[in-house]
Amino acid sequence: MDDLLAVRNLDFYYGDNHALRDVTLPIRKNSITSLIGPSGCGKTTLLRCFNRMHDLYPNNRYGGEIVMDGRNILRDDEDLISLRNILGMVFQKPTPFPMSVFDNVAYGLRLKSVRNSSVLKEKVERALRQAAVWEEVKDRLNQNAAGLSGGQQQRLVIARTLAVEPRVILFDESTSALDPISTQKIEDLMVELKKDVTIVAVTHNMQQAARISDFTALMYVGALVEYDETATIFTKPRHKMTEEYVTGRFG
Amino acid sequence: MSGLGRRKIVNIVAMSLASACAAAGLFLLLVILYDVLVEGAGSLRLRLFTQDPAPPNIPGAGGLRGAFLGQGLLTLAASVVGVPVGVLGGTFLAEYGRHYKICRLISALSDMAVSIPSIVIGTFVYAVLVKPMGGFNGWAGAAALAVIILPVVLRTTEEMMTMVPWSLREAAFALGAPYCKVITSVVWRSAMSGIFTGVLLAVARVAGETAPLLFTSFNSNFFQLGLNRATPSLTVSIYQYAASPYETWVETAWAAAFVVTFLVLLLNVAGRIFIKIKKVG
Ligand SMILES: Nc1ncnc2c1ncn2[C@@H]1O[C@H](COP(=O)(O)OP(=O)(O)OP(=O)(O)O)[C@@H](O)[C@H]1O
Ligand SMILES: [Mg+2]
């Protein structure tokens, strides 16, 4: 078992608000790790530490470390642009940019100065196929992405993230705004993607966590309660709180 | 029951008052437009666009070609300065400077600047540009118009960009985009139709201004390509011709008023149609 990321004694503060308390957990390579827990427990906050999204806002502070390839990515001199190329993120609501379907997927590639149009075309098609949305959009690549359905938009956003070939993708309740069929497609896609990338997914949907993830971490008021293989978490957890939470008696 | 009746009556009274006020405003606007249309269209001749001004009371002669050109040049020069500075300034306020108190102050001051009477801007520019430069000139006129355009474009840009949700910026940041790229490729694109409309309305507004030009570009009877000397403009010409006792000049003023009103109306309508198309498409 390889750890791609190691979260060690991580603290996080929104100004005076101590939102993460001494969180330690590994993220295994080529696996899906689910983050679960009641609303406000810090799942999003933890997820956004991985790609340093908190740096966009003033007064946010990290403590402890997240180690990747032997390096603490929370260091002040970390290059955030290349870090975010390695750790992609998919948000709760689809966020298509106000441009064509093609330009959306090509966005990250163009940022990396890929200009050659045949290379762009090939990579865009590959990403859209990988995100299981190619068949639905191949005839409307030049139309505005806002015209796609919510589920298609979310898969487009996943394709946009995949196009830059990240090593990790962070999903923040990425299926919670979607219908069951789109959700199913994205779940299948996540499992399929494990070959190439490592996935960390925040979810409120216990069945989803049980179905797709290899590891599950339960959080409660900013702290990690329990981390283990998903099967263990759902069948014989060590903590009573975990058992109550996954069976829906708590939270 | 009686409470409901009371609320119904209050509702009817409020609605009637509001409707009456709207009707009064609309009525005045229609009267003005009707007057300009009837008098102006009747006096409209091709020579308005092709001839130089003629002395009064020579029927069938005289036009305002210099004023048309001058108006165009003044508006163009003002826009070339005012629009980019306004857009970039507004961008700074909405993005890089959003956490600074000083930027909030600048926004508030710009809001005030939008409502400064334009004659005050004219006298201000007279003091800082016309006097030191030794006489009326078109550049001063353009500067006065630019001062009017700037806060309008600045605030519209800032507001339109602030309305773009942060989630969209975050999505671009999450792909490793630097801030300047996020602004140019995502935020501007989302806010584009709003910013463009603001620019159009600001330009339309200065195209119809007289007061700031009276003390700056003033007027001239000579046809000239350039802004180095006193520069004729339609609005100032209308002002002077309409106030004259000569019938031929008053007629010319009506015709010019018709053309200016029509152009400004066209710009406004174009702006609004543009928003509609953008919203639907
Ligand atoms: N920008 C912020 N500034 C200050 N406090 C914040 C901010 N964002 C979140 N918090 C606080 O941090 C804590 C954790 O929030 P977080 O969004 O990580 O919860 P979550 O587990 O993702 O919840 P949910 O399931 O509802 O999305 C909450 O108490 C929240 O109020
Ligand atoms: Mg959350």
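Helix H3 of chain A passes helix H4 of chain A in a right-handed crossing; a crossing is called left-handed if the near helix is turned anticlockwise from the far one by less than a right angle, and right-handed if clockwise. Helices here are DSSP runs of H or I of at least four residues, strands are runs of E of at least two, and both are numbered from the N terminus. This is a predicted model, in which local features need pLDDT of at least 70, side-chain atom pairs count only at pLDDT 80 or more, and totals for chains, interfaces and linings use all residues. Residues are numbered from 1 along each chain as its sequence is written, chains are lettered from A and ligands numbered from 1 in the order in which they are written, and side-chain values use heavy atoms, with hydrogens and water left out.

To return to the helices: H3(A) covers residues 101-111, and its axis comes within 9 Å of that of H4(A), crossing at roughly 115°. Axes are lines fitted to C-alpha atoms, for helices over the stretch in contact, and angles run from 0 to 180 degrees between N-to-C directions. H3(A) and H4(A) are therefore roughly perpendicular to each other. For these descriptions, angles under 35 degrees count as roughly parallel, over 145 as roughly antiparallel, 65 to 115 as roughly perpendicular, and the rest as oblique.

H4(A), residues 117-130, also packs with helix H6(A), residues 150-163, at an angle of about 130° and with the axes 8 Å apart. That angle makes H4(A) oblique to H6(A). Their crossing is right-handed.

I turn now to the ligand. Which residues surround ligand 1? Among them are A:Tyr14, A:Asn17, A:Lys43, A:Thr45, A:Glu173 and A:His204, where near means that a heavy atom of the residue lies within 4 Å. By class, this shell has three nonpolar, seven polar and two charged residues. Nonpolar covers Ala, Val, Leu, Ile, Met, Phe, Trp, Tyr, Cys and Pro; charged covers Asp, Glu, Lys and Arg; the others, Gly among them, are polar.

An oxygen atom of ligand 1 is 2.4 Å from a side-chain N or O atom of A:Thr45, and an oxygen atom of the ligand is 3.3 Å from a side-chain N or O atom of A:Glu173. The elements giving two or more residues to the shell are strand S2 (17-28) and helix H1 (43-50) of chain A. H1(A) gives the most, with three residues.

Finally, chain B has eleven helices and zero strands. Its C-alpha atoms fill a box of roughly 70 × 60 × 35 Å along the principal axes.

Terms used: Polar contact = N/O pair within 3.5 Å; in protein donor to acceptor, adjacent residues only side chain to side chain.
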